[in-house]
Amino acid sequence: RGPGRYAVFGQPIAHSLSPRIHAAFARQLSIAHDYRPIEASTEEFVGALAAFAESGGVGANVTLPLKQHAARLCLSISETARRADSVNTLVRRGEGWHGESTDGAGLIRDITGRQRLYVRGRRTLLLGAGGAARAVAFALLDAGIGELTIANRTAERADALADAIGQPERVHTRYWTDLGQWGGFDLVVNATSAGHANMSLALPTSLLASRAICYDLSYGKASFGFLAWARSAGAGHALDGLGMLVEQAAEAFEIWHGKRPETDAIYAELRAYLPGDAED
Ligand code: NDP
């Protein structure tokens, strides 16, 4: 058996940037790191993961739509993954899988490390209450943001996330349709997938405090609508999720290999490769 195989599971997976990011990390650190995309639906995932382990698989990333599913399949999961109810990084331990969630850490590293901005004390609006929203909500609170307001198209999911967090003095929910009545947010994080369907969020421009950070978890074309809104609403910083993608990958690489890759070069390479924001 060789040094062990790695993979990213998801559906669709063909356009995933993760193999390219991990290949760059492996070259940089001269580590043998055989990392490939494996297409799997939720129904296929258990079988595909078992076959992968059988063929020498020792680590994997998991992306849409499998992150929650992965959390159920693990023999053990980290506290971060348990709270997020999401696993994006699998590590083979003995006869089973250990699950970690590096998405939240990736977001915080991108904002505070790469962008050199602070999140501490910021009055934050989180748009969305899906898997990614859940992971970043805990990470933002841990990083010391001020009040967190959650708004989701389906209001019950926002309430369920606020209940799961369980800090009623610090975490509130608002109806999406009432957002026009609210303002003064220093940080707005878009964790919806609306941009992928080219759907506008129809956000009011009155939401932002001066010099606010607006961050879209998606990148490429899917982020253009939100970033254009952010600029029109006077944001101090309008950022997409490419840095988060690279940083969550670096966290996973470090979990597997015990060495932290430097991320600037691959970030710059992908930035040049992705379509630019035509509305900039
Ligand atoms: P989910 O499918 O779990 O959640 C989707 C969310 O988007 C839900 O809150 C849903 O609301 C909302 N939504 C979908 N369409 C609309 C719309 N038209 N208007 C308003 N809200 C809408 O997806 P994930 O949480 O896994 O992913 C969310 C985003 O984060 C994606 O763009 C994904 O690519 C990105 N992401 C980026 C990462 C990175 O590293 N940069 C890592 C992980 C995710 P409702 O509950 O009402 O359906």
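The ligand is surrounded by 27 residues, and the closest are Gly130, Ala132, Arg153, Thr154 and Gly241; a residue counts as near a molecule or strand if its C-beta atom, placed from the backbone, lies within 6 Å of it. This is a predicted model, in which local features need pLDDT of at least 70, side-chain atom pairs count only at pLDDT 80 or more, and totals for chains, interfaces and linings use all residues. Residues are numbered from 1 along each chain as its sequence is written.

**Around the ligand**

- Helix H5 (103-114), helix H6 (131-142) and helix H9 (242-257) are the elements that give two or more residues to the shell around the ligand.
- Helices (H or I, at least four residues) and strands (E, at least two) are DSSP runs, numbered from the N terminus.
- By residue type, the shell around the ligand holds twelve nonpolar, twelve polar and three charged residues.
- Here Ala, Val, Leu, Ile, Met, Phe, Trp, Tyr, Cys and Pro count as nonpolar, Asp, Glu, Lys and Arg as charged, and the others, Gly among them, as polar.

- The contact between them takes 14 residues from domain 1 and 13 residues from domain 2; two residues are in contact if their C-beta atoms, placed from the backbone, lie within 7 Å.
- On the side of domain 1 that touches domain 2, helix H3 (67-73), helix H4 (79-84) and H9 each supply at least two residues.
- H9 gives the largest share of that side, six residues.
- That side of domain 1 divides into three nonpolar, six polar and five charged residues.

**The chain as a whole**

- The chain has ten helices and twelve strands.
- Its C-alpha atoms fill a box of roughly 60 × 40 × 30 Å, taken along the principal axes.
- With 280 residues, a compact globule would have a radius of gyration near 19 Å, and the chain agrees with this at 19 Å.
- The radius of gyration is taken over C-alpha atoms, and the globule rule is 2.2 Å times the number of residues to the power 0.38.
- Of the contacts in the chain with a separation of 6 or more, 64% are between residues 24 or more positions apart.

**Inside the fold**

- Of the 280 residues, 44% count as buried; a residue is buried if 20 or more other C-beta atoms lie within 10 Å of its own, exposed if 12 or fewer, and partly exposed in between, with C-beta atoms placed from the backbone.
- The largest nonpolar core has 80 residues, and those with the most contacts inside it are Phe9, Leu126, Val136, Ile150 and Val188.
- H9 gives this core its largest share, nine residues.
- Domain 1 and domain 2 each give this core at least three residues.
- A nonpolar core is a set of buried Ala, Val, Leu, Ile, Met, Phe, Trp, Tyr and Cys residues joined through C-beta atoms within 7 Å.
- Leaving out residues up to four places away in sequence, Val136 touches Asp103, Gly104, Leu107, Val189 and Ala191.
- In helix H8 (residues 224-232), the buried residues are Phe224, Gly225, Phe226, Leu227, Trp229 and Ala230.
- Those buried residues of H8 pack against strand S10 (185-190), strand S11 (208-216) and strand S12 (237-239).

**Backbone details to look for**

- Most residues other than glycine have a negative phi, and most peptide bonds are trans.
- Gln11 and Pro12 are joined by a cis peptide bond with omega about 0°, and Pro12 lies in the loop between strand S1 (5-10) and helix H1 (18-29).
- The peptide bond from Leu64 to Pro65 is also cis, with omega near 0°, and Pro65 lies in the loop between strand S3 (57-62) and H3.
- Asp85, which is not a glycine, has a positive phi near 50° and sits in the loop between H4 and strand S5 (89-93).
- Is Asn198 exposed or buried? Asn198 counts as exposed because it has 10 C-beta neighbours inside 10 Å.

Technical notes
Domains from an automatic or database assignment.
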